[in-house]
Protein chains: 2
Amino acid sequence: MVAQTSLFGPVQDDMVLVEAALDRVRAVEYPPLAKMLDHVLGASGKRMRPAITLLAGSFHTYDVAVLVPLATSIEVLHTATLVHDDVIDQAGTRRGRATANALFNNAPSVFLGDFMFAHSAELVARTGNIRVIRLFAQTLMRMATGELQQDISAYDPSKRISDYLARIAGKTASLFAAASEGGAIVSGAPEEWIGALREYGFSLGMAFQVMDDILDFTADESVLGKPAGNDLKEGTLTLPSLLLLEDDSSARNPVRRLFAARRNRDQRLDEALTAIRESDVLPRARRRAEEFAATARASLAPLPDTVARAALTGLVDYVLERDH
Amino acid sequence: MVAQTSLFGPVQDDMVLVEAALDRVRAVEYPPLAKMLDHVLGASGKRMRPAITLLAGSFHTYDVAVLVPLATSIEVLHTATLVHDDVIDQAGTRRGRATANALFNNAPSVFLGDFMFAHSAELVARTGNIRVIRLFAQTLMRMATGELQQDISAYDPSKRISDYLARIAGKTASLFAAASEGGAIVSGAPEEWIGALREYGFSLGMAFQVMDDILDFTADESVLGKPAGNDLKEGTLTLPSLLLLEDDSSARNPVRRLFAARRNRDQRLDEALTAIRESDVLPRARRRAEEFAATARASLAPLPDTVARAALTGLVDYVLERDH
């Protein structure tokens with residue numbers, strides 16, 4: 001926890017308020033639901049998104065009475081999308097623990113996700129800020145569209161890097177953007193700062209997802225907390241595999257061969273993973289993440305030079321350095 | 001459509017505005033999503049819930065600029081829950097048409113439902129009314145809990161009528177209540193009228209669901225638009241089967257025998273359906289629906305005696321008379 005103390009800088013102490021609010025989300029009357037909420041909200045994630053909300057809100061009127069419900073709402077919404085993702089992917093583990101669908105089956109997990117979407121909407125409504133309530137709803141629309149694009153484009157080698165970028169913008173970056181922009185809005189920050197923080201969150205989210213997709217190829221399974229090489233196995237083309245497809249459009253491309261394979265799929269998967277790990281596509285993907293990270297850092301320029309700004313810059317470094 | 005013209009009374013013409021707003025919900029950029037939205041929102045339902053919102057809003061300041069987004073939001077939320085239900089139940093038909101999951105598969109249907117939840121939240125935010133936004137979010141929390149209770153209690157003959165009533169209160173009546181209460185709130189009606197309309201919507205919703213559950217046993221499949229006897233087949237105990245269980249707690253009870261059956265399940269299902277259809281449990285369930293209907297009618301007493309009130313009373317009659 002030492003790393004996190006410095007990671008979230010001046011808002012580290014107030015993250016305790018977010019955890020307490022998350023505990024209250026888990027306190028429902030119906031015992032099976034309480035058990036499921038305990039499981040998915042107790043799986044201590046990094047809580048990056050709510051921390052960003054608090055940090056973004058610290059440049060103007062820092063009021064925990066509105067910032068904490070908003071930050072909590074963002075984390076609940078994020079976790080709800082993970083619950084539905086894991087149902088769809090039939091994922092068995094996440095963050096090193098069994099997924100909700102593995103423990104409680106698919107049907108209850110779909111309704112668990114629905115409940116959490118609703119609860120996150122209830123939390124954001126407590127801010128009393130219509131602009132941020134609408135931003136929140138529009139963000140979930142973008143996220144669901146991004147998830148849908150990912151699912152529908154699976155196993156389709158004709159997809160391009162531009163499709164990938166549009167998809168992760170919806171699926172991931174839109175929520176980072178809303179976390180950051182929302183904090184700025186409820187703090188009453190001037191429009192220029194709101195725009196700067198939206199751009200920061202969006203670019204950080206893009207860098208985060210590109211790095212996440214690289215880690216799926218490179219990370220140690222025990223550190224990752226889920227099986228490595230999973231994206232390609234599921235037919236999800238991410239930046240490294242798309243770069244490999246772009247480099248060699250022949251039928252001999254190992255990713256193309258994997259998607260075309262009727263037999264020996266495990267062997268074809270191993271060949272494709274090896275090709276990606278041994279080629280230059282991973283460092284090239286990383287450079288793309290670094291470009292997004294640079295944009296995130298630069299977007300903070302209009303903001304006052306505070307410890308919160310330093311913490312937001314530190315989060316950019318963290319996203320590039322993390323190993324899971 | 002002649003019946004509907006009189007059914008919705010003074011707000012019939014404004015329902016065109018709700019349909020137009022639903023058309024705008026379908027107008028999204030991503031073609032696969034647009035196609036799915038066209039399918040599920042185009043399946044012309046009865047639109048009872050949005051009509052109730054407009055009728056409830058007509059007792060005070062009737063402003064279509066807030067009532068139409070709210071009414072549309074209610075219908076989109078309702079349809080989203082049907083989309084997720086059909087995924088969970090693996091249902092093939094609904095309202096006489098193929099379900100989203102049958103046409104587009106499970107994964108896209110889960111994200112379609114998520115998108116629609118988000119869009120309904122966006123629509124309700126357009127009212128600018130924090131109270132109604134929170135009511136809306138809390139309603140979805142109740143609905144998801146009710147759906148979860150239904151799923152978790154499937155095939156459990158120890159469940160009681162009180163469990164059933166709590167479950168349909170969450171799953172169905174809470175949305176009718178929100179449709180009615182929400183219309184009253186945004187119209188600026190006095191608290192007494194708001195409470196009366198909430199009670200009306202809740203009781204109407206209870207009557208509606210009890211009748212719906214009776215129709216699952218009695219209706220002609222071609223009229224119902226989905227297979228008859230489906231609830232029991234899925235292990236869902238509704239009022240008629242719970243009454244039969246209450247009457248005879250022995251192991252010879254045909255519902256108990258069905259749930260215990262390892263073989264000959266089709267035959268056991270037929271026996272249970274026949275037992276329910278030939279006993280007095282269907283008329284007894286109907287009397288329960290009539291009691292809820294009577295409460296709904298009585299709850300309108302504090303409201304002015306307008307054509308809208310007559311239309312709300314007419315909806316109660318319709319719920320008891322409908323054959324699908």
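This briefing covers the contact between chains A and B and two helices of chain A. The model is a predicted one. In it, 33 residues of chain A are in contact with 33 residues of chain B. The helices described are α3(A), which has 12 residues, and α7(A), which has 20.

**Where chain A touches chain B**

- Four helices of chain A, namely α3 (31–42), α5 (64–89), α7 (106–125) and α8 (130–152), each supply at least two residues of the side that touches chain B.
- The largest share of that side, 14 residues, comes from α8(A).
- By type, the residues of the side of chain A that touches chain B are 22 nonpolar, six polar and five charged.

**Helix α3(A)**

- At 1.5 Å a residue, the 12 residues of α3(A) should span 16 Å, and this agrees with its end C-alpha atoms, which are 16 Å apart.
- A:Leu33, A:Met36, A:Leu37 and A:Val40 are the buried residues of α3(A).
- An α-helix has 3.6 residues a turn, so residues three or four places apart point the same way.
- The exposed residues A:Pro31 and A:Gly42 are on the face of α3(A) turned away from its buried side.
- Within chain A, the buried residues of α3(A) pack against α2 (15–26), α5, α6 (100–104) and α7. They also pack against α8 (130–152) of chain B.

**Helix α7(A)**

- The 20 residues of α7(A) should span 28 Å at 1.5 Å a residue; its end C-alpha atoms are 29 Å apart, which agrees.
- Most of α7(A) is covered, with 19 of its 20 residues buried.

Methods:
Residues are numbered from 1 along each chain as its sequence is written. Chains are lettered from A and ligands numbered from 1 in the order in which they are written. This is a predicted model: local features need pLDDT of at least 70, side-chain atom pairs count only at pLDDT 80 or more; totals for chains, interfaces and linings use all residues. Two residues are in contact if their C-beta atoms, placed from the backbone, lie within 7 Å. Ala, Val, Leu, Ile, Met, Phe, Trp, Tyr, Cys and Pro count as nonpolar, Asp, Glu, Lys and Arg as charged, and the others, Gly among them, as polar. The expected span of a helix is 1.5 Å times one less than its number of residues. A residue is buried if 20 or more other C-beta atoms lie within 10 Å of its own, exposed if 12 or fewer, and partly exposed in between; C-beta atoms are placed from the backbone.
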